[in-house]
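I open the notebook on a new entry.

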Amino acid sequence: MKRYIISRLLQAIALVIGVLFIVFIMLHLTGDPASLMVSRNASPEDIEKIRHEFGFDKPIIVQFANFLKGAFIGDFGMSLRYRQPAMKLIIERLPATIQLATAALLFSLIIGIPIGLLGGSNPNTGLDLVARTTGLIGQTIPSFWLALMLIVVFAVKLRWFPTFGRETVKLLGINFPTKSIVLPAFALSLFTTGQLARFTRSSVLEIKNEDYIRTAYSKGLPRRIIYVRHILKNAAIPIISIVGVQFSYLLSGSIYIETIFSWPGLGQLLAEAVFTRDFGLVQATAFFTSVVVVVLHLLTDIAYGLADPRIKYR
Amino acid sequence: MDDKKANNKNVTGLMIDEEKKKGIFYFFYYVGRLLWKDKTGLVGLLIFLSVIISAVFSPYLAPYDPLKQNLKISKTPPVWYKNGSIHHIFGTDDLGRDILSRIIYGSRVSLTVGFFGVLIASSLGMIIGLVSGYVGGKLDSVIMGAVNLILALPYLVFVVFIAAILGRSLLNVILIFGFTDIPIFVRVTRGEVMQMREEGFIEAAQSVGATTSRILFKHIIPNLIGPIVTLATFEMSAMIFYESGLGFLGLSVPPSVPSWGNMLSVGRQYITIYPWIAAYPGLAIVYTGLGINLLGDWLRDVLDPRLRRAKK
Amino acid sequence: MGKLLTVRDLVIKFYTFDGVIHAINGMFFDLNEGETLAIVGESGSGKSVTMKSLLQLLPSPPAKIESGNAYFYRNGEKVDLLYLSESEINKIRGKDIGFVFQDALSALNPVLSIGRQITESLETHMGLDKKEARERAIELLESVGITGARQRLYAYPHQFSGGMRQRAMIAIAIACSPKIVIADEPTTALDVTIQAQILELFKEIQKKLGMAIIWITHDLGVVARLADRVMVMYAGQPVEVAPVEELYENPIHPYTIGLLEALPKLGEKKKKLTSIEGTPPDMIEEPHFCQFASRCRFANEKCFKDNPPIISVGKDHYVRCFEDITERIKVQKVKTV
């Protein structure tokens, strides 16, 4: 187990270094980062000014070294638009995104997994059809369109929820979102719900046909015990991986939802930075999100290793 | 005793000539039976074909020019609303352009992106994956390292990043999706090659003196077709999705070009008052995605275990 | 010896996308208390399918038990295993009839400890509580030759070696002292020395618990060491049943003869290994004539037209062939001499 954790940890570190490299390169894709960051009617002098201010006139290696140095201490430069350090903005916006992603994850866990379980345990029945359809729906309905339709129905027509914005209530010193989180979280969760339903279903189906389940039946164990102790316990392990992956998807994929609902999180920050050509901020956000994803995958792998005795013990 | 063999029956009892006839016609019969058995595959195929037809024959199917603006009739609701008119079944957008026509033409952008994107990703991905899996060693480690790095990145964030840098054009979008999707194809291809390696295929073929190209073409590639085609189908659907997402953010094709994503972006501004501007393009995306996904599910069931047994 | 099992006229079909497979065509056998019955046949002959059907372990689509009976004699009662309800058959599975599967690694749940997989049987059928079950499980592990049982209880299947895993499987099967143990090729996946150990283990346990064993194998060597009676299967049908010595000394069915001839014998110098010509039928058609005929060196036209009956050729010795088979064999022997 220890070896497993260490190898995963080393991989994660290598990934972060790779991410740094990629994020750095992105700005230089067109060869002239400075011209990216200015508005259309900028004069050559303006571009030269930007180039100097951001150090784009130095040799690439030096730029990269400086970039690395800054990244190490969390300094990604200043946001052009907000005139504040990029990192500070990111940290400010982080809680809102985490809350949104967590709420979406909860929705999909509560809805998706039971549906998948029922479907997998009862193949070729109506329940199974529901499970497969849920998977299909999650895959075919785009979250941004769903968000818009939800607004039309639930916010405009029925007036159950606000059309946009994040309202919070202060509980125990933390800002908890109110029902304003429901529509955004639900729209965001649809894809994940579908994936969880589909994956849980196929996991159960696969395991049902394993030899050791037949052994369990041959021992005369009651069906209930076979399902819970034998099938579910085995099916749960790969689900851990999927949940981890989906959570990182939720954290990084909230651009659309946050933009539509004016939810002040990282996604909205990224979208605005892109619109205002504030590429330093884009770079910082991209890097930060990537690191979060890498860390999440690492944690998921560790959790998986702990859950599967074949990995935990030798 | 020898008259048994003279009977022309092999052990399965089938006449040997019959088996030969089974070849070509049987293939279509078999596929037809499979489609009918799992009718969702048939539905998916029909939906997909309808979208293709809509893209190819847009000028004949669309009632109006998708670019024609007419501010006088702008923001007309669909026909079943109070102020709707039969002339514009799905209504018009903020600049008076007919929504149905723009939806029909919009399929061109989506299908082009999907088709060419997948073409690039699958062909390059397959080549790289083959090389990586077949040659193995350090090259394989380096390639897989790069693949894993790219796959570890948050996809949407980077797609948005690149699109913002490159600017709005159809070609850029195709290139973005085409190249960012290569790693998936590399991984799947390499996985299949590795599996064949593990099953001893490659070693066996080499030991009887088969040349590399023969091994590749006669053994490996036929076994790749199933998984790759299935993957390509699903990736196509994903690309269509992501393209419309980019369009929604204003990062895909230029604003005048009719694309479902662009339409959603406009529709968003008016969502509380003129919801139809966004509703129907979105339905088009759902419809197309449904068709491709159903088709993909069917392909996956059909191509995976069955053909593999037959082709070996 | 009391009767334990009486199976008659068992017909099982598999309904698949590519057609109907007639897996079992008229299976029959008896099993008496304390005896060891070996079932011999090649892969696909239906040995496993038959045994699994007795405990209703066949996946129900696509398998279907078309007809037949499998009577189990239990405390003076006679029940038909094939048609029991789920709760009824669960009382028999694991308690009266134990099953040892072929590949212990895939037959054991990878995320449960070995101990748990034993104690759950004990808790379900014998009503033991957790502590009692654990103690009994330790005894069982020791009785199958696993040392350090107290610690091994908490180990997982992948931490055991192949031979030890098989022993653990046996422990699970005999946990509730069943009347019958069905062993489905339990030694096929093991190497020869371990095979011998497991065989000895079975003999020991049988002596201690007095249970009947049905041993499925394709290895005639194993049969000789362990069985009281032997049944030879081909294409889903029993073709010969006899006590073990009788089978080796006086095989009647051409398939059995072929099998025994194919065994290389120590001390015999032969240039070529004998084998049986041809390949087994693919079971897509319902058998209306002898399924072995196309490979049989004694066959004549009758064999291709009708289903051969089951005839008696000695004490407890039955063969599925036409009555004149003994004559035809003698004629062949004369010819070659």
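Which residues in α6(A) meet which residues in α8(A)? I found Ala131(A), Thr134(A), Gly135(A), Ile137(A), Gly138(A) and Gln139(A) on the α6(A) side. In α8(A) they meet Leu190(A), Phe191(A), Thr193(A), Gly194(A), Gln195(A), Ala197(A), Arg198(A) and Arg201(A). Contact here is C-beta atoms, placed from the backbone, within 7 Å. By class I noted five nonpolar, seven polar and two charged residues. Ala, Val, Leu, Ile, Met, Phe, Trp, Tyr, Cys and Pro count as nonpolar, Asp, Glu, Lys and Arg as charged, and the others, Gly among them, as polar.

This is a predicted model: local features need pLDDT of at least 70, side-chain atom pairs count only at 80 or more, and totals for chains, interfaces and linings use all residues. Residues are numbered from 1 along each chain as its sequence is written, with chains lettered from A and ligands numbered from 1 in the order written.

Next I looked up the axes. Helix α6 (residues 126-140) and helix α8 (residues 182-208) of chain A come within 7 Å and cross at roughly 145 degrees (axes are lines fitted to C-alpha atoms over the stretch in contact; angles run from 0 to 180 degrees between N-to-C directions). Helices are DSSP runs of H or I, at least four residues, numbered from the N terminus.

Then I checked Leu150(A), in helix α7 (residues 143-157) of chain A. Leu150(A) counts as buried because it has 21 C-beta neighbours inside 10 Å; the cut-off is 20 or more. Beyond four places in sequence, Leu150(A) contacts Leu183(A), Phe186(A) and Ala187(A).

Last, the chains: 31 residues of chain B are in contact with 35 of chain A. The chain B side divides into 23 nonpolar, seven polar and one charged.

Conventions. Helix = DSSP H or I, 4+ residues; strand = E, 2+ residues; numbered from the N terminus. Contact = placed C-beta atoms within 7 Å. Buried ≥ 20, exposed ≤ 12 C-beta atoms within 10 Å, placed from the backbone.
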